[in-house]
Amino acid sequence: MKKADSIKEFAYLFNQNETFASLEYISENKILFCYPECYCPCVKRVPEELSETWCYCTLGNAEGIFSEVFKKDVKVTLLKSIKTGADKCVIEVEW
């Protein structure tokens, strides 16, 4: 993949090349990482809604991934979760 010159371009290139998730550009220090479905093997097979506590592992993974990508400490916040009744999972990533 081409190296992006900005976060906006990074989000655009990610969305052009990936189908499992999408990025929404908010600013040069904030993006939204969105999943169209629950990929967690622990909870995706459970039909009922669950506490967002079950999503903490996914938050940890997102924090590790984006800390490595941006070479900075990041803060991740769960904004929406399919398992708590939302239409998609949305994680705010800020640095």
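In the predicted model, the lining of the second largest pocket divides by class into four nonpolar residues, one polar residue and three charged residues. The residues concerned are Lys2, Lys3, Ala4, Asp5, Ser6, Ile7, Phe10 and Phe70. The space in this second largest pocket amounts to about 160 Å³.

The largest nonpolar core holds 21 residues, and the members that touch the most others are Leu23, Ile31, Phe33, Phe66, Phe70, Ile91 and Val93. At least two residues of this core come from each of helix 1, strand 2, helix 2, strand 3 and strand 4. In soluble globular proteins, nonpolar side chains tend to be buried together. For isoleucine 31, with residues up to four places away in sequence left out, the contacts are Ile7, Leu23, Glu24, Tyr25, Ile26, Phe66, Phe70, Ile91, Glu92, Val93 and Trp95.

The largest pocket has a volume of about 260 Å³. Its lining comprises 17 residues, and those nearest the pocket centre are Tyr35, Tyr39, Cys40, Cys57 and Thr58. By class, 13 residues of this lining are nonpolar, two are polar and two are charged. Helix 2 (56-70) and strand 4 each contribute at least two lining residues. The largest share, four residues, is that of helix 2.

Serine 81 is placed in the loop that runs between strand 3 (75-80) and strand 4 (89-94). Serine 81 counts as buried because its relative accessibility is 1%, and the cut-off for a buried residue is under 20%. A polar atom of the serine 81 side chain lies 3.2 Å from the backbone nitrogen of lysine 83. When residues up to four places away in sequence are not counted, serine 81 touches Cys55, Ala86, Lys88 and Cys89.

Conventions: Residues are numbered from 1 along each chain as its sequence is written. This is a predicted model: local features need pLDDT of at least 70, side-chain atom pairs count only at pLDDT 80 or more; totals for chains, interfaces and linings use all residues. Side-chain values use heavy atoms; hydrogens and water are left out. Buried means under 20% relative accessible area, exposed over 50%, partly exposed in between (1.4 Å probe, protein chains only). A polar contact is a pair of N or O atoms within 3.5 Å; within protein, one must be able to donate a hydrogen and the other to accept it, and residues adjacent in sequence count only if both atoms are side-chain atoms. Contact means heavy atoms within 4.5 Å. On a 1 Å grid over the protein atoms alone, a cavity is a set of points where a 1.4 Å probe fits but cannot get out, and a pocket is an open set with protein on both sides within 12 Å along at least five of seven lines; lining residues have an atom within 4 Å of a point. Grid points are joined across faces, edges and corners, and a volume is the space filled by probe spheres set on the points. Ala, Val, Leu, Ile, Met, Phe, Trp, Tyr, Cys and Pro count as nonpolar, Asp, Glu, Lys and Arg as charged, and the others, Gly among them, as polar. A nonpolar core is a set of buried Ala, Val, Leu, Ile, Met, Phe, Trp, Tyr and Cys residues joined through side-chain atoms within 4.5 Å.
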